[in-house]
Amino acid sequence: MDRPADPVTTPVTVFLLDDHEIVRRGLVDLLESHDGFRVVGEAGTAAEALRRIPTLAPQVALLDARLPDGSGIDVCRDVQVSSPGTRCLILTSYDDDDALFAAVMAGASGYLLKQIRGTSLTEAVAHVAAGHSLIDPALVERLLERIRRPLGADTADGGRGHASGRAGSAQAGSRTGTLTDREQEILTLIAEGLTNRQIGERLHLAEKTVKNYVSGLLAKLGFERRTQAAVYGAQHGTEPADHHGRP
Amino acid sequence: MGSAEDRLRGLLAANRSVVSELALPAVLRRIVEAARTVAGARYAALGVIGIDGRLEQFIHSGMDAEVVELIGHLPTGRGVLGALIEEPEPIRLHAISDDPRSVGFPAGHPPMQGFLGVPVRSRGEVFGNLYLAERVDGSDFSPDDEDLVVALAASAGVAIENARLYEESRRRQEWLRASAEISRDLLRPGLGEQVLVRIADAVLRLADADVVTLDFPDRETDAVLADADEPLAYAVRLVVGVARGVGADGLVGTAYRSGPSLAGTAMRERRVVLAEASGPADATLASVAEAGAGGPAMACPLVGEAGVRGAVVVARRAGSRPFTPTDVEMAEQLATHAALALELADGRADEERIAVLEDRHRIARDLHDHVIQRIFATALSLEAVTARATDATLRGALDRAVEDLDETIRRIRASIFELQEPPSSLDARAVLLEVVAAATAGLGLEPTLSLEGPVATVIDPVLLHDVTAVLREGLTNVVKHARCSAVSVRVAATSEDVTVEVTDDGPATRAAGPDGTRRQGSGTPGVRDPADATGRTTHPLERRHRGVANLTTRARDRGGDCTLTTHERETVLRWTALLTP
């Protein structure tokens with residue numbers, strides 16, 4: 001994919017993945033109100049996005065982190081292999097920590113919170129399209145530290161009168177104690193920005209195996225829980241009507 | 001005295017009378033009366049031998065109440081009476097005082113010459129002795145008398161055994177009924193603690209105890225016991241949770257060291273332990289002994305699925321008879337009920353908690369999936385329109401609308417976080433929420449907390465320690481010195497630094513100078529408040545400035561700073577720290 005030499009005359013091509021149609025409408029409205037962007041395609045599910053992005057080869061893909069049939073993280077990692085010219089931004093309506101984690105795990109160029117003020121959406125898309133990353137390496141370092149940090153004891157004094165002190169320490173054990181050496185290794189390579197294929201080559205593993213490791217990591221680090229809740233809801237028909245493409 | 005035939009008839013009548021009664025106290029009384037009639041004696045008595053070999057009961061007949069009162073105390077089993085206890089064979093004497101074992105009579109005791117003593121056996125053990133004195137006709141007791149009383153003693157033994165069996169079956173029946181009642185109670189939800197009280201009451205009644213307590217490990221140390229780590233389990237403190245019987249009201253809440261206590265031993269060894277308190281200061285039974293039941297005692301462990309949860313302590317007053325194997329068995333079974341009640345209560349509480357959590361998750365998901373997405377989408381559309389709007393007033397209005405929607409999203413996000421995360425000391429966000437909530441509990445208003453940037457990622461445990469200290473100090477000052485109507489807290493994290501801001505609209509600001517800005521630190525002892533200079537008492541703001549000094553030190557150590565700024569309508573405490581000082 002050629003990078004446009006002049007973004008004013010050649011608009012940045014954008015793909016939208018969000019399970020809420022109303023959000024996609026809003027994003028289209030906003031992006032197309034500027035001359036510099038053109039939304040070339042959209043999808044409501046991970047499966048649809050994976051099918052369409054390689055064909056459309058957009059410059060930037062805006063991916064909702066949590067989808068009824070998977071996560072934007074998995075989509076992002078797949079896209080890096082199937083459409084290497086596409087740069088991804090993770091969209092999330094949770095907090096910065098969650099978003100940063102999702103973006104790093106996805107190997108995305110940045111994240112956007114679902115809010116208008118703060119990082120300008122259009123600026124972020126343009127910035128990423130120009131080949132820059134929005135993620136501060138210092139923060140990635142801290143994120144890894146946080147994941148590996150033996151949580152619990154030293155933070156306990158931060159809060160007063162924790163009734164759940166016991167449950168807390170058990171949780172700490174499950175969070176830090178269960179990452180295997182191989183998972184730690186893969187986590188480091190993910191944080192370095194390697195794609196699943198590159199990690200596979202580096203560690204002499206099949207790409208599919210790396211993918212499984214990533215899923216396992218997400219589950220262990222607590223990301224999967226919320227997604228799963230959403231999937232459960234979708235499968236049991238309690239999700240909103242504006243959900244598209246049910247699994 | 002009549003013929004031998006009459007006497008036999010008398011014995012038969014006596015036998016009938018004795019075996020036709022089932023309640024033990026009445027049986028004993030009838031035995032005494034029958035013996036007196038059969039032997040033609042003036043005085044008759046039945047001494048029941050206690051566990052210590054002394055006379056535990058002395059049922060007598062033939063002596064006037066006034067005389068009994070004059071003597072003052074009943075025989076305890078010394079002298080000739082004691083001889084029968086030591087050697088359970090009939091004794092027949094012409095005169096008690098002739099016997100070398102005689103110790104004489106207490107003052108006021110009527111003279112007694114002729115004596116006949118016969119042991120009463122029941123279930124192969126000597127239950128007690130029948131004592132007869134002074135034939136009515138003044139003659140000595142004959143060998144015939146002895147034979148008759150021995151024969152009566154045999155049926156008396158059977159009657160006593162029957163009465164005991166009857167008593168036991170009646171108690172078992174009562175115990176079964178209590179058990180069934182408690183089982184029913186257990187299945188009724190919402191009875192809570194009440195079940196434990198009922199169990200304690202049942203034990204108190206059925207074990208004929210004077211006090212019953214249910215003791216549990218102190219909340220803070222209960223985790224330790226579950227580990228079954230011996231030395232630690234020994235150090236656990238137990239607290240009386242439920243108490244019934246004498247001094248029960250004062251007992252609830254009493255704490256004592258588990259280590260030497262009977263309850264502690266029962267819990268560690270997971271079995272019933274029996275003991276006799278050696279006195280009110282006995283460490284094994286401190287709690288119940290102090291309450292006045294310093295006699296025989298037992299403790300049954302409350303064994304639950306996850307370990308021993310506590311113990312039932314049952315005690316009698318000093319001098320009471322010890323607990324029988326039936327008592328123990330019964331207490332043990334009721335303890336099982338109590339343990340079950342605790343497990344069930346836990347199960348119900350878990351269920352409720354899960355229901356609440358599920359509900360919260362559902363609400364959080366709804367907020368996330370419906371509300372936030374729609375607001376965000378609307379804000380996106382408004383933003384798109386704003387870019388095209390040419391009219392400045394319209395632009396301004398649209399901008400404000402977008403900002404409001406953003407703020408709404410932020411608040412909903414905070415709510416989602418609170419709804420989804422159970423309070424945990426692991427997440428910086430959760431800790432900050434809790435600190436703010438705790439520090440402003442007395443304020444009567446809801447502080448707004450806004451967290452910006454990857455707060456949990458940036459704030460490591462050491463920094464979190466500082467940030468929470470700043471929040472506590474800042475908020476405590478607000479609570480103490482400023483009568484404000486709004487407090488907001490902002491914690492912002494970037495890849496370089498962390499900023500904490502506590503803003504309030506308290507009245508302290510009125511005393512601020514025209515520019516309103518004051519800096520703390522720089523080695524000067526703070527800025528003196530104008531109000532203070534005029535000789536009035538220290539102004540609240542002055543005190544607040546002082547409180548800030550130690551926060552300044554914390555900030556400086558991290559390459560940051562701390563300022564307390566007063567504006568027209570608000571006071572802002574702003575604390576910054578670099579991530580890599």
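## Chain B at a glance

Chain B has 581 residues, and 49% of them are buried (buried means under 20% relative accessible area, exposed over 50%, and partly exposed in between, using a 1.4 Å probe and protein chains only). This is a predicted model, where local features need pLDDT of at least 70, side-chain atom pairs count only at pLDDT 80 or more, and totals for chains, interfaces and linings use all residues. Residues are numbered from 1 along each chain as its sequence is written, chains are lettered from A and ligands numbered from 1 in the order in which they are written, and side-chain values use heavy atoms, with hydrogens and water left out.

Chain B contains 18 helices and 17 strands. These are DSSP runs numbered from the N terminus: helices are H or I with at least four residues, strands are E with at least two.

## The cores

Now for the inside. The largest nonpolar core has 83 residues, and A:I90, B:V491, B:V498 and B:W575 touch the most other members. (Such a core is a set of buried Ala, Val, Leu, Ile, Met, Phe, Trp, Tyr and Cys residues joined through side-chain atoms within 4.5 Å.) Helix α4 of chain A, residues 96-106, gives the most to this core: eight residues. Another core, of 36 residues, lies apart from it and includes A:L31 and A:V39.

Take B:V498. Skipping neighbours within four places in sequence, its contacts (heavy atoms within 4.5 Å) include B:V458, B:V491, B:W575 and B:L579.

B:V489 sits in strand β13 of chain B, residues 487-493. B:V489 counts as buried because its relative accessible area is 2%. B:S450 is 39 residues away from B:V489 in sequence, yet their C-alpha atoms are 6.3 Å apart. Leaving out residues up to four places away in sequence, B:V489 also touches B:V436, B:L471 and B:V502, among others.

B:T503 belongs to strand β14 (residues 497-504) of chain B. With 14% relative accessibility, B:T503 is buried too. Beyond its neighbours within four places in sequence, the contacts of B:T503 include B:V487, B:S488 and B:T571.
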